[in-house]
Structure formats: C-alpha cells, structure tokens
Amino acid sequence: MNPETSEPRSTGVVLLPGHEQHETGRHPENAARIDAVIEHLEGGPDRERLTVLEARRADEQDIARVHTPAHIELVHDHAVAGPVWIDGDTVVSRGTYEVTMRAAGAAMVAVDAVCGPGETADGDGPDSLFALIRPPGHHATTDRAMGFCMFNHAAVAARYAQQVLGIERVAILDWDVHHGNGTQDIFESDPSVLFVSLHQWPLYPGSGWLDEVGSGEGRGFTVNLPMPPGSGSFEHADALDRVVLPIMDEFDPGLVIVSAGQDGYVADPLSSQELTVAGYNEMAAKTAAFAAARGIGLVAVHEGGYNPETLPTLDHSILAGFAGFSSVLLDPWARDTVSGAGGAAHEGWAERREQIEESQRTFWPGAFRS
C-alpha cells in the first residue's frame, strides 16, 4: 500500500557541530561526507523551508538503554587511548566518544521535536527531521562496536521514545545497503519494535537473510528484505509497496525511525546496487506519506553513503521527499537498468520478493491479502 496525503509537510535537520573531532583520516567514513551535505543545504534554495536544530549530548543512561555498561566503557577507554582501530574497519580517535554521544543525542532531539507540539521555538514541531550525524550506528550491537559504528543511534532514539515519551510501538526502517545487524541484535526478542531492513545480499556484515525473523516474543518483528545485487529504484519501491508498508500498517507504530544510508546509490563505492536520486526521493516520500496518514512522527538518522560528491544531492532529495517540495532528480549516473526494465537482477528480484512474502505471511497475514 502507498498512503498519500495532499497536506503540506514540514521537515528539517538536526546538526552535529564538531563532528570532525571524530577523526578518521582517509577512511571512507570521514568528515567530508557530512560537511558536503551541510554546505549544499546552506547554499541551496530550500534552506528557509527547513527547521534547523542542534544536537545535545546523550547521557550514559540514554546509551545504557540499548548498550551494556562494559561496551560504553570500552568505547570511552578506546577514545582516551586513541587513535585506535577497534577492528579492521572501525577507528576511534580521542574525540570519538563525545561526538558519538552527541550523535545519539541528535537522534533524541529529533524524536522530541516530531513527537508532539511545544518542543520547538515556535511551539509546533515539524512532521519529520533528518539527523545529519556521524559516525553511523546501525552495526553497533548491544556489546560490540563494528562497521564504522560505536553506538546505535536509531536504537537509542527508539528506546528514548518508548521509555521517556511513552510511545508504545516504534518501527525502524533501515534502507542502508548493509544489513543493520546491530539494530536487529538489540530488538530481536522485542515485539514493541518492528525492525525492517532492505539491504544488498550478500554483502557485509553477512547477516540479514529472510529467515532471520526474530526470536522469542519478538519472532515476526524482524523483517529482512535481502535485495539481489544490481537492485535499483524499481525494486526498492516495489519492496516498500508490496512488503514494507503493508507490514508497518499492520504493526501500527506510534513513531517511524529511518536508518537512512545512501550507500545503495549507483555511484557509491561500497556496494553494487543501482538506486538513483529519484529512488531515494521516492522512498522518502512513501515513508513520509505513511507517517502523515497516521499523524505520527518521522525521524531519519544518517547512516552510510560514501561518495561525498553525490551524497549532498541524495540527502536533499530525501528531505524533499519528506516534505513534498521539488528537488533536482536528474541523475547523470543512472543507467537504463535502474528503471527495472529487464535484466537478470530484476528477474531475480521477482523471485526474491515471493520468498520474502512467504517467510512473512505467517506473522503478518493481513499484509498479504489478495
């Protein structure tokens, strides 16, 4: 399903001043990524359309809602000793601990602003907010930093919404090209959080096959959509319409959080997917329409996206999709196959979608009624 609304929607960003203090050198996850996005937005014609807020520092108790005390202490100690490589992918510098604490706080600021009136200066919060933060977070498990990630910002925001603001059910939609294994780990047995991930498979971190559906009381509340390599905008829109939004509709959340990674873009160096600028705009618009039709808040937290030349346009297209204003969607990198017209990858998606639907039908029968 694809709920639509003709009502105007407001959006904006939460900024993270000082994010460059998480120093990573020539690592793919570096300060230039977010700096380029902010420069693009500040110099663009839509700056006045956006609510602009700034991060606050999360407390250790905020992080401890989803991470073990030992993990929090480990990240802190690595930062004190930094620069240190936690693993082959993940570097910690002396500024990392404070930056990632404020990145988690930025996600919480966004939740505060969209979950009711009176949280912003004008007394009426925006419909959606995009936290432009780094480092990313969705690979961080309860007790492990990995894949560029220290703390899981989307998970911190979800638990904050539940335990502080009293929102009963939260849906987390992860469209980063890499599976959000950390978010899945944190909420695997929790039926109050629906975790949905669209990701290239196979790809790092190697998890996220369609039979991973949660455990215990949370069985059925993990929904993995492993997308074949070469999947583009057509396949992702089809996945939203045929699987994701129907399941989210049946779940009936009080808040939607998007782990927004743009590394599935056709010109991103870390994947083999073929999403376009228009594809990200469409995913954002569909998600915003879903939230608007239910009168609930929408928060996006920045995850991946590693081409600093293209990321600014991609993030702008997401904000345009959230609010319904126009954006330049011309895409010099797009190829004919992105439209979904033929090709082995697209044939593979039809079979894969049927497999996903079959794996989820038991848990969400109302989502797949003919």
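Helices (H or I, at least four residues) and strands (E, at least two) are DSSP runs, numbered from the N terminus. With that in hand, welcome to this structure. The model is a predicted one, in which local features need pLDDT of at least 70 and side-chain atom pairs count only at pLDDT 80 or more, while totals for chains, interfaces and linings use all residues. Residues are numbered from 1 along each chain as its sequence is written, and side-chain values use heavy atoms, leaving out hydrogens and water.

**The protein as a whole**

The secondary structure consists of 10 helices and 10 strands. The radius of gyration is 19 Å, close to the 21 Å that the globule rule gives for 370 residues, so the protein is as compact as a globular protein of that length. Here the radius is taken over C-alpha atoms, and the rule is 2.2 Å times the number of residues to the power 0.38. Along the principal axes, the C-alpha atoms fill a box of roughly 55 × 50 × 40 Å.

Of the 370 residues, 61% count as buried; buried means under 20% relative accessible area, exposed over 50%, and partly exposed in between (1.4 Å probe, protein chains only). Among the contacts with a separation of 6 or more, 78% join residues 24 or more positions apart, where contact means heavy atoms within 4.5 Å.

Threonine 11 lies in strand 1 (residues 11-15). Its relative accessibility is 1%, so threonine 11 counts as buried. Leaving aside residues up to four places away in sequence, threonine 11 touches several residues, including Arg49, Pro126, Leu319 and Phe325. Ser128 is also one of the residues touched by threonine 11, and the side chains of threonine 11 and serine 128 make a polar contact (2.7 Å). A polar contact is a pair of N or O atoms within 3.5 Å; within protein, one must be able to donate a hydrogen and the other to accept it, and residues adjacent in sequence count only if both atoms are side-chain atoms.

Tyrosine 97 belongs to helix 4 (residues 96-114). This tyrosine 97 is buried because its relative accessible area is 6%. Beyond residues up to four places away in sequence, tyrosine 97 touches Arg57, Glu60, Ile72, Val75, His76, Ala79 and Phe151. With glutamate 60, tyrosine 97 makes a side-chain to side-chain polar contact of 2.7 Å.

**Backbone features in the loops**

| Site | Feature | Angle |
|---|---|---|
| Tryptophan 201 and proline 202 | cis peptide bond | omega about 5 degrees |
| Tyrosine 204 and proline 205 | cis peptide bond | omega about 5 degrees |
| Phenylalanine 148 | positive phi, not a glycine | phi about 80 degrees |
| Aspartate 252 | positive phi, not a glycine | phi near 60 degrees |

Proline 202 sits in the loop between strand 7 (193-200) and strand 8 (222-227), and proline 205 is in the loop between strand 7 and strand 8. Phenylalanine 148 is in the loop between strand 5 (128-131) and helix 5 (153-163); phenylalanine 148 is buried, with a relative accessible area of 14%. Aspartate 252 is found between helix 7 (233-251) and strand 9 (255-260), in a loop, and counts as partly exposed at 38% relative accessibility.
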